[in-house]
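Visitor: Could you take me closely through one part of this model? I would like to know how its pieces meet each other and what lies around them.

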Amino acid sequence: MIPARFEYHRPSDVSAALAILTEHGDDARVLAGGHSLIPMMKLRMAAIEHLIDLQDIAELKGISVDGGTITIGAMTTQHELIDNADLAKAAPILREAALQIADPQVRYVGTVGGNVANGDPGNDMPGLMQCLGATFHLVGPGGTRDVAARDYYEAAYMTDREDDEILVSVSFPVPEGGYAYEKQKRKIGDYATAACAVQVTMAGGSCTAASIAMTNLSDTPIWSKDAGAVLVGTDCGPGAIGAAVDAAVAAIDPTEDNRGPVEFKKHVAGVVIRRAIERAISRA
Amino acid sequence: MNDLTPSREERTENLKGLGCSRKRVEDARFTQGKGNYVDDIKMPGMLFGDFVRSPYAHARVKNINSEEALKVPGVLAVLTAKDLEPLGLHWMPTLAGDKQMVLADGKVLFQGQEVAFVVATDRYAAADGIEAVEVEYEELPVVVDPFKALDPDAPVLREDLEGQTEGAHGPRKHHNHIFLWEAGDKEATESVLASADVVAEEMVYYHRTHPCPLEPCGCVASMDKVNGKLTLWGTFQAPHAVRTVASLISGIAEHNIRVISPDIGGGFGNKVGVYPGYVCSIVASIVTGKPVKWIEDRMDNLMATAFARDYWMKGKIAATKEGKITGLWCHTTADHGGFDACADPTKFPAGFMNICTGSYDIPVAYLGVDGVYTNKAPGGVAYRCSFRVTEAAYFIERMIEILAIELNMDAAELRRINFIKKEQFPYQSALGWEYDSGDYHTAWEKALKAVDYEGLRKEQAERVEAFKRGETRKLLGIGLTHFTEIVGAGPVKNCDILGLGMFDSCEIRIHPTGSAIARLGTISQGQGHATTFAQILASEIGLPADSITIEEGDTDTAPYGLGTYGSRSTPVAGAATAMAGRKIRAKAQMIAAYLLEVHDDDVEWDVDRFAVKGAPERFKTMAEIAFAAYNQAIPGIEPGLEAVSYYDPPNMTYPFGAYICVMEIDVDTGVHEIRQFYALDDCGTRINPMIIEGQVHGGVTEALAIAMGQEIAYDEMGNVKTGTLMDFFLPTAWETPNYTTDHTTTPSPHHPIGAKGVGESPNVGGVPAFSNAVHDAFRAFGLRQSHMPHDHWRIWKTAHDLGLHG
Ligand SMILES: Cc1cc2nc3c(=O)[nH]c(=O)nc-3n(C[C@H](O)[C@H](O)[C@H](O)COP(=O)(O)OP(=O)(O)OC[C@H]3O[C@@H](n4cnc5c(N)ncnc54)[C@H](O)[C@@H]3O)c2cc1C
């Protein structure tokens, strides 16, 4: 459990970080909280010669709720998400989800940026960002670029981000209505067996918008457009919820692991999705 | 004339002796991070060794090329079996009478097996060196199923034993067979089964798991070439045994070896065995002349050092229609992995599995255990239990539940009918043990009342109805257990390890100013010996526990003992402590009589002093006596006040308890929630109730882990699937429920202070309590048996197979 040798860089602004990244190309990787990357290096599954620690870069930190938009700097820790009163008020789903990530020790250092950039299907933030319709702000040698969270994930650990790009921040419109992040895991510190993020708005007893996304049930997060669409225009009664659950389950493709076989995961996913939808509706 | 204040009660309290919830003296250093563990040992010029391990479960090792590794800066040497062979150290004896490769000798038998030992200036260089060693393997067919291992055409795992039909424990009937161990009367049992009213039959599997102490195993070996002395610090649960074994296998005279167990961060049986890391560190230190440290990491520990359990227990239990048990039959297939490295007393290759008649009066029984080699890691240690006692308890407590189903009877009532009665003790069990004492009915009624058993059953029945009506998706399980342990190994007449009798020892020196040091042959790994042994002594010799230092773990200073595991410390070393204390007191009596100018028989013991009979104001306190022992010439009495006792217990002790777990189960997700856990323990005389409670909390938590998720799982290729704490379940405060502890007190009649040992009871009783709760939740829907660990998916599958998902 000891990583191979590497050089450690600690730039204090984004352009310096980009310069190192450009210089070393494939051999370099940025380091955020390190709670996904360092274990891989210790297992020698990732051999990285140049590690660029982003923690001194102030411009990558912070949470702002400005008008209708929430922006979260990539280097904001998961603990800071939980601790921020403005955020808890504007988008309570973030706090609910972050509290279900890992354990307090991991959350003190694990970052939002690392969590969404990583591309691990087990990470909880990517599904959540897809549910919220977030935009990822990247910067590279050629300048800045925005990617929709729903377009960012290609396969496990494969994302739309180029090797020489850094994620600066994520932003999304202040969510409305009811919300829920429901997660089943084996224990504290475990990734999801199945997890689901839901935002629903209701007006006059009828659903006006719904967004449903899932974690660790495919090799990428899954935002099910159909599942949300099924709810819209209904009273969100049992029939509509059942149809939404069916649509969401139809969109997933889980694989067997120590948590259990596919059949079990699909079944549990159905239960978790249903609970998330019901809780979100109860809060709408 | 002396003043008679403080009162006797105040003086007793002042001693903090037996029965006092004295705060743990160890905690001041542990809670400040000031413990001194083996990895804290740093010596000038110390080197670091680490292993190249096999990625394959079964393969021939064709070639090992160290050339590139030796080029890595800091790497000094790469040891392989070839280097150890001239010293005769490429194999080593196991505690079970088998032998084990220290480094791969031509082949590997399990994933993670030690192949080469890289010695470097620090652990970072060693890690790079390991990466650079090139090993050429040729994969061989893998056997992970112990039943398939006994197929006639199964691959031969132990080529070194080919053609050997006699093993350490009798005949071997197959090339992958280790032993058959039998107890009881097979014929009589089978004839009872053949004519019984009712026979319940089931396969009960206790899965492979791992003790996983927070601190993994490690050592520092330092050979001083000038004086020829080897010092070995390490995570040893039995330091003296390690010294003797090290001397036998290395040829270094025993007086030239000093073994020291510093603070140990949990053992749970994992640190009883002798591991290749110890041997390689010693060799590397001899070769280099420098101290060499070896410390496992978590993955090494889970993958390669001693696992626990892995018993397939086929059971048959016979009873009358009314529920009186008439016979018990068990055949176990024991998966020992690639080498038989169990740490059992030599004559008991299946440990004390023959305690499997449990708390019940069963007239006739038979047990047969077949040990089998597979391509898995060796071990089979007693993970927080006396040797195989948790397997035995799980087996009988499952069989009782299954019999209750077969008889359509309440499982609490079935137990009540069959308990050994108070007046039957000492009780001779059908499988050969003499239970020293017990009062099971009293404990059982107390437990049932405490949880309102009748009320729970009513609630459960209502829940089942509500479930059937579709009003809830949660079921309620009531997990009952009444366990009997057998601990305190043990009488030298039948208990030894590698010929070393399983007595234990205590040596006491009283200092002139009325304080003392006592040294024991045991070693605490978190049990709080420094606290409790001082309390035993305080009550025996009348000096405050706070004035008594307890020291263990240094073979140069401590008297010989067999170490700490199998709940043996209090039953054996605790007894030695009391006996040594009594020797002190006997001498003190003579000194007191001399000082008081009366005959020895005219003084009597009174808490912390000897007083003249009938004249309590004429006395000498222990502190005064101690001073006199060192500064007065007393005719006929040697100066000084010291004693030593080697205690050979006349029998084992038999702690018991009644545990009840109330569990809610979500049928749709397999998620459980523990609503209540009640643990009543009877460990005889209670030395420190707070420590007992702590032991129960810790032990039940480990039981929770084992029953509900913890396992060492292998895939068909022999790959370990649960090699990190991401998949290997260690509960945190979050998963740990609240426990209610309770007790009855039935002192052991043969132990000097009546104590029986408690550290392992909660694991022994806890596992069946949790598992029975899961099974009980589904009893109304026809479940008889399912396998642990009861993680989400297995519980879900149970519900699914019973048709509960519609
Ligand atoms: C025991 C344990 C349990 C966990 N459980 C969960 C869980 O339940 N749910 C969950 O979601 N996560 C879990 N995690 C992961 C944890 O949340 C990680 O911290 C997180 O996934 C990655 O964030 P990080 O800041 O640590 O990133 P790092 O590990 O530093 O980086 C991860 C990857 O992202 C890249 N990266 C990081 N920041 C940027 C950036 N700004 N721009 C471009 N690339 C970047 C890195 O190069 C690296 O490839 C767990 C981790 C542990 C150790």
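Guide: A salt bridge here is a side-chain nitrogen of Lys or Arg within 4 Å of a carboxyl oxygen of Asp or Glu. The model is predicted, with pLDDT of at least 70 needed for local features and 80 or more for side-chain atom pairs, while totals for chains, interfaces and linings use all residues. Residues are numbered from 1 along each chain as written, chains are lettered from A and ligands numbered from 1 in the order written, and side-chain values use heavy atoms, without hydrogens or water.

The part to look at is chain B. An automatic or database assignment divides chain B into domain 1 (8-35 + 504-647), domain 2 (38-140 + 216-264 + 271-304) and domain 3 (401-489 + 652-801).

Take the meeting of domain 1 and domain 3 of chain B. Their C-alpha centres lie 38 Å apart. In the contact (heavy atoms within 4.5 Å), domain 1 of chain B takes part with 29 residues and domain 3 of chain B with 22 residues. The area buried between these two domains of chain B (accessible area lost on being put together, 1.4 Å probe, summed over both) is about 1700 Å². Carbon and sulfur atoms give 62% of that area. Between domain 1 and domain 3 of chain B there are zero salt bridges. The rule does find 15 residue pairs in polar contact across this interface, both residues at pLDDT 80 or more. A polar contact is a pair of N or O atoms within 3.5 Å, one able to donate a hydrogen and the other to accept it.

B:N651 lies in the loop between strand 32 (642-647) and strand 33 (656-666) of chain B. B:N651 counts as buried (under 20% relative accessible area) because its relative accessibility is 14%. Its side chain reaches the backbone oxygen of B:E434 at 2.9 Å. Apart from neighbours within four places in sequence, B:N651 is in contact with B:E434, B:D436, B:P491 and B:H750.

Another enclosed piece of chain B is helix 5 (residues 123-132). Seven of its ten residues are buried, so helix 5 of chain B is largely enclosed by the rest of the structure. Those buried residues are B:A125, B:A126, B:A127, B:D128, B:G129, B:I130 and B:A132. Their cover in chain B includes strand 1 (47-53), strand 2 (59-65), helix 3 (67-71), strand 3 (75-79), strand 7 (114-120) and strand 8 (134-139). At the N-terminal end, helix 5 of chain B is capped by B:D122, with a side-chain oxygen 2.9 Å from the backbone nitrogen of B:Y124.

Chain B also meets chain A, where 26 residues of chain B are in contact with 24 residues of chain A. The two chains bury about 2200 Å² between them, with 57% of it on carbon and sulfur atoms. The count of salt bridges between chain A and chain B is four. A salt bridge joins the side chains of B:D666 and A:R275, at 2.7 Å from N to O. Across this interface of chain A and chain B, 15 residue pairs are in polar contact, both at pLDDT 80 or more. Helix 12 (residues 262-283) of chain A provides the largest share of the chain A side that touches chain B, six residues.

How values were computed
Buried means under 20% relative accessible area, exposed over 50%, partly exposed in between (1.4 Å probe, protein chains only). Helices (H or I, at least four residues) and strands (E, at least two) are DSSP runs, numbered from the N terminus.
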